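Colleague: I'm new to this one. Can you walk me through it?

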Amino acid sequence: MFFLSTFAGTHVPKQASMKISYNWLKEYIDIDLPPDELGDILTNIGLEVEGMETFEPVKGGMEGCFIGKVKTCGKHPNADKLTLTTVDIGAGRDLNIVCGAPNVRAGQKVVVATLGTTLHQGKNSFSLKKVKIRGQVSEGMICAGDEIGLGDSHEGIMVLDKDAEPGTPAREYFNLVSDTVYEIGLTPNRIDGASHYGVARDLAAFLNQDGRAKLKMPPAEGFSIDNEDLKIGIRIENQEACKRYTGVTLSGISVKESPKWLKNRLLSVGLKPINNVVDITNFVLYELGQPLHAFDADRIKGQTVVVRTMPEGTRFVTLDETELILSANDLMICDHKDGMCIGGVFGGMHSGVTEKTRNVFLESAYFDPVYIRRTSKRHGLNTDASFRFERGADPEMTLIALKRTAMLIREIAGGSISSDIIDVYPAKLEPFRVDVDYSHVDRLIGKKIDREVIKKILESLEIKIESEDPGGIRVSVPRYRVDVQREADVIEEILRIYGYNKVGFMERMTSKVTHTKKPDKEKLTQIVSNHLSSIGFNEIMCNSLTREAYYNDDPRAVKLFNPLSTDLNRMRTTLLYGGLETILYNVNRKKSNLRLYEFGNCYRLAVESDPDILNTYEEQERLSLLITGNRYEGNWIEKDQPGTFYELKTYVEHVFGRLGIEPAGLDTREVESDNFEDGMGFWNKGKKLAEMGAVSANLLKSFGITADVYYAEFNWDHMMEALRDVKITLDPIPKFPEVRRDLSMIIDRSVQFAQIRDIALRTEKKLLKSISLFDVYESEKLEKGKKSYAVGFVLQNPEKTLTDKEIDRIMDRIQANLEKEVNARIRQATA
């Protein structure tokens with residue numbers, strides 16, 4: 001059993017593309033340009049050709065196959081089921097061929113594959129070589145239909161008409177015509193190019209500048225009804241989702257295999273022929289860009305089609321026997337009782353056309369793009385129909401496509417058109433009206449184009465000129481050009497067709513010296529990016545749209561009004577979640593040792609409301625660092641060295657130091673966050689520059705990550721503000737040596753190294769150059785609640801060599817202040 005549904009057609013790839021047949025295209029525009037030249041023109045007018053391929057209606061194109069005449073036919077001396085033949089293929093001598101077909105006879109005209117020919121049979125292929133079969137030489141092969149790609153029969157060789165001329169190439173005899181197929185990359189705004197007629201319309205606009213082409217609309221004028229024996233009514237209950245709905249019935253049709261020309265057209269653009277009715281709807285879809293759907297008319301209860309939504313939670317079975325749970329916002333095409341298909345997306349199990357169908361109701365409609373996109377994304381159904389509807393179909397094409405399809409079904413599947421067309425169009429969609437100033441055209445294009453040329457280009461694009469004055473024109477843009485609603489859009493259309501290459505360069509160029517504000521954000525971003533990459537980090541770029549589940553408890557998270565899916569319905573407020581998704585992706589692919597960084601914007605609602613809508617949102621640039629796994633891989637000399645909190649802290653200080661910010665001069669505090677364990681932050685003048693810590697176990701568990709992850713996030717905007725106060729000075733290399741002294745001390749576990757550093761720097765501001773923590777010891781052998789620190793102090797006087805007395809005096813003061821302020825007990829002091 002087979003079903004009819006254009007909606008259930010070819011699934012659209014993530015990168016939208018459209019296959020256009022060169023031969024098919026020529027049915028709508030008179031051109032004789034070579035395919036390569038035509039491909040260049042398509043790219044120049046905005047329909048980028050990403051690839052070209054040759055299409056053969058028969059795989060291999062029957063190269064190496066010729067018409068032959070069997071001159072002699074005798075039994076094989078060593079095999080009862082084989083026959084020895086001589087065949088004339090017009091080559092000057094007869095070929096000796098061993099044939100195993102039971103129906104071979106002398107005098108027959110046959111298809112012969114010569115030596116070296118590659119034959120394709122299904123997915124298999126083989127090349128002919130001169131061989132001996134049971135001791136007899138065979139110099140070719142007399143072919144059956146399936147061996148040359150014509151049919152599936154293998155009962156015997158293909159016998160041709162008696163008037164077939166020996167020596168004629170088989171591709172000429174069977175009238176095989178090669179085709180060139182363009183793979184056109186469609187940007188989201190160019191859905192008008194998702195059909196052969198749409199592409200022909202653009203080509204005609206370009207070529208008609210010098211009168212080289214004429215556009216031909218597919219015939220629909222001959223539409224007429226045969227009787228009114230089958231009437232089905234239409235009622236639109238949700239007029240917001242369905243702007244126009246047209247329908248017509250056909251009765252007495254015969255669902256069967258499509259004719260050869262129709263199958264070849266579909267095969268050329270990558271569609272698999274199914275049956276005549278399905279193939280006709282797909283043909284019109286790729287011809288005019290209008291999706292259609294056919295219902296078995298005998299299955300429409302109440303003889304009425306109702307366009308409406310259904311209650312939340314309604315169950316619906318699709319053509320592929322998948323049960324879906326419908327949303328109250330899913331547009332459905334129903335009879336008076338049940339849903340028959342998801343409007344503009346997917347057909348239903350119980351209303352489709354089968355081989356037993358004799359009467360059909362044919363639908364052609366215009367659905368609201370937002371409704372279709374939400375339904376498509378909600379259920380993960382990406383079809384040829386939804387691809388077009390969610391980007392904006394042509395409401396004026398519905399009637400033309402309906403007539404065209406009905407006429408083709410009557411011609412190919414038989415039967416009669418058994419009702420007048422019902423066209424329900426509650427509120428006509430008006431074209432977009434735009435005022436275009438000629439001076440703006442000249443300024444944006446950079447060249448003054450003749451006004452008559454401009455008007456000719458616009459009219460060839462079906463953009464009508466409603467009025468004109470010396471300074472400009474008022475135009476009406478058809479609804480299918482959803483991307484042309486502003487003056488700049490119309491000017492872009494003029495330039496696109498006029499030709500970018502026709503706009504020359506100025507004879508002289510002018511420039512001016514500009515002042516760059518300090519600090520230069522772009523330059524500093526590049527400096528830090530290069531630095532991180534040089535020390536082993538990899539840059540990542542994650543989506544600004546993230547999952548709702550990450551921000552359920554954040555009232556300031558920005559929610560999208562029209563999300564593509566529940567996975568992309570919030571603007572990120574942190575770079576953390578995208579980084580964790582990246583780690584999970586890599587860990588699942590056996591890449592567990594990671595050092596990652598990302599520059600990106602984060603978004604939040606402002607704390608206070610503002611009349612200016614733009615001020616109700618905050619956008620800040622951030623820098624994130626993530627480390628997980630081993631810092632060094634172990635070997636026979638040393639063990640693995642896993643990443644730690646202190647490794648990340650070192651990288652954070654590297655970033656500060658690379659920008660000229662002294663970490664010791666920042667205010668360091670603990671950070672409390674559900675995302676961190678043992679978090680800490682860095683402040684400057686009351687503004688948080690960065691925070692870091694170990695990602696909490698609960699958060700890692702929710703992502704399915706078992707390894708430890710350490711994370712830091714810089715507020716890049718606050719960093720730039722802090723850099724305004726940073727002055728870079730050049731000091732000569734000191735002539736006098738530096739001196740190091742170490743202190744080993746017992747302190748409370750609550751004391752942090754930052755406190756010790758701050759005390760030391762306050763004690764000696766001039767000669768103390770650096771402080772480092774080189775050992776931490778915690779053990780049960782120490783007093784309860786205590787730990788041991790070993791801290792190094794570097795002293796230096798740029799004007800003279802320090803004496804032991806000066807050094808001891810400074811260290812005594814530092815010890816005294818440590819004992820006083822953090823209750824430190826000095827264990828040992830060493831030089």
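This is a predicted model: local features need pLDDT of at least 70, side-chain atom pairs count only at pLDDT 80 or more; totals for chains, interfaces and linings use all residues.

Colleague: OK, how many residues does helix α12 have, and how far does it reach from its first C-alpha to its last?

Modeller: Helix α12 covers residues 487-498, which is 12 residues. The reach is 17 Å, close to the 16 Å expected.

Colleague: Is α12 enclosed or open?

Modeller: Largely enclosed by the rest of the structure, because 9 of its 12 residues are buried. Buried here means under 20% relative accessible area.

Colleague: Which residues of α12 are buried?

Modeller: Asp489, Val490 and Ile491 are, and then Glu493 through to Tyr498: Glu493, Ile494, Leu495, Arg496, Ile497 and Tyr498.

Colleague: What covers them?

Modeller: The cover includes helices α2, α4, α10 and α11. Strands β25 and β27 are also among the covering elements.

Colleague: And what comes just after α12?

Modeller: Gly499, with a positive phi of about 115°.

Colleague: New topic: pockets. What volume does the largest pocket have?

Modeller: About 1400 Å³. Its lining is made of 49 residues. Nearest the centre lie Tyr551, Thr573, Thr574, Tyr577 and Asn675.

Colleague: Which elements give two or more residues to that lining?

Modeller: Strands β29, β31, β32, β37 and β38, plus helices α14 and α16. The largest share, 7 residues, comes from α14.

Colleague: How does the lining split by class?

Modeller: There are 20 nonpolar, 15 polar and 14 charged residues.

Methods
Residues are numbered from 1 along each chain as its sequence is written. Side-chain values use heavy atoms; hydrogens and water are left out. On a 1 Å grid over the protein atoms alone, a cavity is a set of points where a 1.4 Å probe fits but cannot get out, and a pocket is an open set with protein on both sides within 12 Å along at least five of seven lines; lining residues have an atom within 4 Å of a point. Grid points are joined across faces, edges and corners, and a volume is the space filled by probe spheres set on the points. Helices (H or I, at least four residues) and strands (E, at least two) are DSSP runs, numbered from the N terminus. Ala, Val, Leu, Ile, Met, Phe, Trp, Tyr, Cys and Pro count as nonpolar, Asp, Glu, Lys and Arg as charged, and the others, Gly among them, as polar. The expected span of a helix is 1.5 Å times one less than its number of residues. Buried means under 20% relative accessible area, exposed over 50%, partly exposed in between (1.4 Å probe, protein chains only). Contact means heavy atoms within 4.5 Å.
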